[in-house]
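Visitor: I would like to take a close look at one part of this protein, and to learn how far the model can be read there.

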Amino acid sequence: MVSARADIIDRTLELTDEEFNKEAEKLAADYPNLVKIGEIGRSREGRRITLLTVTEGSEEKPGYFVQGNIHSKELSSTSAGLYLVRRLCEDRRSCDILTKVVFYFVPRCNPDGADRMIREPGDERSGWQRPAPDSLTNVLEVCDVNGDGIIQRMRIPVKDGEFRPTERHPTCMVPADRTPDYKGPRYDIVEEGRLRNWDGKTGWRHGFRRRMDALDWNRDWPAGWKRGCWGAGDRPYSVPEVKLQGDWLHSHTNILAALALHNGYEMLLATGVEHADFKHLDTIGKVGENLVGVPYIATADVDMMEQGKKQAGRFEEWCYLELGILCFTIELGTRENSAGARTLDLLKERDAYTAPYAVCEEQTRNPGLKPAYGDWKKFHHPQFGDVELGGYNGVYFANPHPVYVRRNAEGAYRFLLYHASDILINGTGTVCGRK
């Protein structure tokens with residue numbers, strides 16, 4: 001029987017920065033000879049970027065790094081990281097891995113963004129690149145306009161609107177131009193928010209400016225960075241917190257492997273960079289597929305399935321190209337997965353607005369669920385007039401049901417032990433080594 005504290009996963013959506021650090025400090029207090037709490041630095045808002053060092057005896061041994069919650073809304077990766085720490089400590093008597101390996105956990109790389117998404121659930125990827133200049137008028141700022149504590153979408157009735165409701169589920173929307181003979185209501189869809197520096201007269205489609213400068217911190221790593229890749233910022237290491245982590249990893253030359261925890265469609269990801277170690281990486285991935293219980297896919301293959309959108313500046317590629325170590329990513333799943341949708345089907349889906357069918361139908365059966373894709377409700381917007389609020393909520397969509405996260409976190413634990421044993425202890429398939 002697994003005795004690790006699974007309740008931390010039940011509280012995923014409650015772990016503010018304060019609560020997260022209380023849990024981290026409790027781990028250090030419960031296992032003072034195994035867990036040491038520290039930090040790799042401070043966030044831009046002054047929060048501690050917490051580091052948990054987990055080992056038995058001296059830290060002068062091969063190291064394994066685990067990263068979580070680099071994306072603000074992917075909160076399950078924080079609770080899964082804490083779960084893994086406790087599992088390592090509880091298993092120390094039956095497994096001697098802590099005598100041979102030092103594990104470094106940064107369960108919440110992005111404490112500012114995660115705290116925002118706990119307090120006001122929305123759809124923040126990693127944070128904003130910069131505030132809009134005060135000189136700009138009519139800038140759409142994402143915010144909770146109706147005071148219900150969450151941020152969803154606004155659909156605005158427009159005669160020639162881009163979207164229409166579907167027959168299968170009225171909450172879901174599809175591009176209206178796919179059915180030119182459609183005569184029903186049409187809508188434009190935009191993030192819930194209001195116009196900053198409103199000129200008092202501009203309404204929908206009349207000169208408003210949409211904020212498109214959102215950052216994706218997992219496109220900010222220098223190796224393979226590419227200008228123009230969505231979320232990449234102005235330059236590599238444009239995000240101070242990412243540079244802090246990169247500098248810290250460079251300074252710890254004992255680290256020989258890494259694992260990143262995310263909340264995308266459930267899968268085990270490996271770098272798509274061509275390299276001499278691909279055969280061994282592929283072997284680890286195929287074993288990991290069975291251990292975690294999710295599909296194993298190279299990132300290059302994901303790019304091809306997602307309409308050929310080649311991404312760059314990822315942590316996995318940086319680990320290999322910059323540090324010479326193998327890094328895998330475990331995507332812990334989304335609400336779509338826990339509603340029954342299969343990852344391989346979702347990756348092949350060409351229409352982002354039809355994918356939530358499973359989520360909407362599940363919510364109809366279980367109205368007590370958080371509204372990952374909520375019903376549309378009428379609202380009189382002070383600037384746009386009569387609109388409807390509802391649709392997609394990023395936090396509730398990104399984080400599957402706790403029972404589902406526990407299952408995949410336990411799979412991640414099995415993979416962690418296997419990967420650490422293979423690369424760090426047995427020495428098989430040694431990669432090119434730290435640079």
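Over which residues does pLDDT stay under 50, and how many contacts beyond four places in sequence does the model have for them? Please then lead me from there to V66 in strand β3.

Guide: This is a predicted model, and pLDDT stays under 50 over residues 428–433, a stretch for which the model has 14 contacts beyond four places in sequence. Residues 304–308 also have a pLDDT below 50, and beyond near neighbours in sequence they make seven contacts in the model. Where pLDDT is low, the predicted coordinates should not be read in detail. For the protein chain as a whole, the average pLDDT is 87, and 87% of the residues score at least 70. Among the elements, helix α8 (residues 299–305) has the lowest mean pLDDT, 53, whereas strand β2 (residues 48–54) has the highest, 98.

With that in mind, we can turn to the part you asked about. V66 lies in strand β3, which covers residues 63–68. Its relative accessible area is 2%, and because a residue under 20% counts as buried, V66 is buried. Leaving aside neighbours within four places in sequence, V66 is in contact with Y104, F105, V106, L259, L261 and L416.

In soluble globular proteins, nonpolar side chains tend to be buried together. Here the largest nonpolar core has 50 residues, and Y64, F103 and F105 are those with the most contacts inside it; F105 is also one of the contact partners of V66. Helix α14, which spans residues 402–426, gives the most to this core, with nine residues. A second, separate core has 27 residues, including I70, V239, A258 and W318.

W318 leads on to helix α9, in which it is one of the buried residues. This helix, residues 315–323, is mostly covered, since seven of its nine residues are buried, among them F315, Y320 and L323. After α9 comes G324, which has a positive phi, near 75°. Across the whole protein chain of 435 residues, 60% count as buried.

Conventions:
Residues are numbered from 1 along each chain as its sequence is written. This is a predicted model: local features need pLDDT of at least 70, side-chain atom pairs count only at pLDDT 80 or more; totals for chains, interfaces and linings use all residues. Side-chain values use heavy atoms; hydrogens and water are left out. pLDDT is the predictor's confidence in each residue, from 0 to 100. Helices (H or I, at least four residues) and strands (E, at least two) are DSSP runs, numbered from the N terminus. Contact means heavy atoms within 4.5 Å. A nonpolar core is a set of buried Ala, Val, Leu, Ile, Met, Phe, Trp, Tyr and Cys residues joined through side-chain atoms within 4.5 Å. Buried means under 20% relative accessible area, exposed over 50%, partly exposed in between (1.4 Å probe, protein chains only).
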